[in-house]
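Let's take a friendly walk through a protein model. Have the sequence and the 3D view ready, and look for the places we visit.

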Amino acid sequence: MSNVVILFSGQGAQKVGMGKDLVDAYPAAKALFAKADEALGYSLSDIMFNGPDDQLTRTAYCQPALYLHGLACLEVLKEKVPSLKPVAAAGLSLGEFTAHAAAGTFDFATGLNLVAQRGAFMEEACEATDGAMAAMIGGDEAAVEKLAADCDVDVANFNAIGQIVLSGSEEGIDKAVAGAKAAGIRMGKKLKVAGAYHSRLMQSAQDQLAGVLAETEISEPSIPVICNFGAREVQGSDDIKSMLEQQVTGSVRWTSSMQQLIADGHTKFIELGPGKVLAGLMGRIDKNVEVMSVEDVDSLEAAVAALK
């Protein structure tokens with residue numbers, strides 16, 4: 001089974017209890033969770049299994065939690081379906097790091113350390129700035145980009161056709177939500193987030209992450225990895241570091257990234273992570289593509305049966 005692309009979830013997909021049934025059912029998942037807890041020096045698994053929700057939602061915990069969960073799902077899937085050989089990988093925002101770990105760009109522990117630091121840097125940036133985000137539903141790209149410019153905020157995510165997220169100062173985002181209808185956008189909806197991700201307000205986090213990435217050993221991925229910022233396959237360690245760094249303040253071009261993979265002839269995808277978010281986005285990008293979502297024992301066993 002070698003014609004599938006693997007996709008990894010981004011922040012916002014997390015939920016309390018994530019991974020618990022996987023750890024109870026599969027020794028491979030249990031071992032990876034134990035390895036993560038040891039490497040981090042605290043029990044990330046406890047926060048994932050038991051919450052509370054506001055603690056798991058914290059950027060510093062949420063990012064390593066999604067990274068660990070996605071890779072545990074993949075580990076068990078590969079064990080159950082030895083013929084599974086993914087042909088490409090991508091991940092939404094934080095998920096790009098998980099995709100790189102899956103492709104062998106860096107090992108599990110190195111990636112875990114990177115996302116734990118990235119989460120901490122972004123949490124600090126959130127606390128130091130007065131930022132917000134809003135989803136713009138049912139507007140075309142040009143209209144949303146003009147609204148962002150008029151309100152002095154940034155375009156954070158091109159998630160799917162008709163679903164674009166803006167990010168920036170609280171004042172600017174409130175202005176954008178209020179002005180959405182007049183700009184020809186069906187609806188502007190403020191999101192419940194800790195700060196302005198993928199905007200210029202994350203510059204301090206980007207600068208700090210750049211310092212960490214500079215010291216990190218990066219290998220050539222074993223399969224193509226599509227980056228968020230460039231919406232293309234990354235080439236070589238300098239390019240990988242640059243793309244991972246720039247997406248902290250830059251736009252996540254998810255729609256274009258998926259369209260690129262589809263243009264390359266890929267039609268089968270496996271989403272690894274909670275909540276089926278990426279399958280939902282793909283339904284809006286291209287309805288002819290098949291996405292299997294794997295997040296727990298039931299969905300994993302269903303994927304195993306389908307892949308075999």
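## The second largest pocket

About 150 Å³ of space lies in the second largest pocket. Here a pocket is an open set of points on a 1 Å grid over the protein atoms alone, where a 1.4 Å probe fits and protein lies on both sides within 12 Å along at least five of seven lines; lining residues have an atom within 4 Å of a point. The volume is the space filled by probe spheres set on the points, which are joined across faces, edges and corners.

L32, L71, L74, E75, K78, A101, A102, F106, D107 and F108 line this second largest pocket. Two or more of its lining residues come from each of α5 (59-80) and α6 (95-102), and α5 gives the largest share, 4 residues. Helices (H or I, at least four residues) and strands (E, at least two) are DSSP runs, numbered from the N terminus. By class, the lining has 7 nonpolar, no polar and 3 charged residues. Nonpolar covers Ala, Val, Leu, Ile, Met, Phe, Trp, Tyr, Cys and Pro; charged covers Asp, Glu, Lys and Arg; the others, Gly among them, are polar.

## How the model is read

This is a predicted model: local features need pLDDT of at least 70, side-chain atom pairs count only at pLDDT 80 or more, and totals for chains, interfaces and linings use all residues. Residues are numbered from 1 along each chain as its sequence is written, and side-chain values use heavy atoms, with hydrogens and water left out.

## The largest pocket

The largest pocket has a volume of about 940 Å³. Of its 33 lining residues, Q11, G12, L191, K192 and V193 are the closest to its centre. Among the elements that give two or more residues to this lining are β3 (131-137), β4 (154-160) and β5 (163-169). Which element gives the most to the lining? That is α7, with 4 residues. The lining divides into 14 nonpolar, 12 polar and 7 charged residues.

## A covered strand

In β4, 7 of 7 residues are buried, meaning under 20% relative accessible area with a 1.4 Å probe, protein chains only. β4 and β5 run antiparallel and are joined by 5 bridges; two strands pair if DSSP finds at least two bridges between them. D154 stands opposite S167 in β5.

The structure holds 0 disulfides, a disulfide being a pair of cysteine sulfur atoms within 2.5 Å.

Key
Buried means under 20% relative accessible area, exposed over 50%, partly exposed in between (1.4 Å probe, protein chains only).
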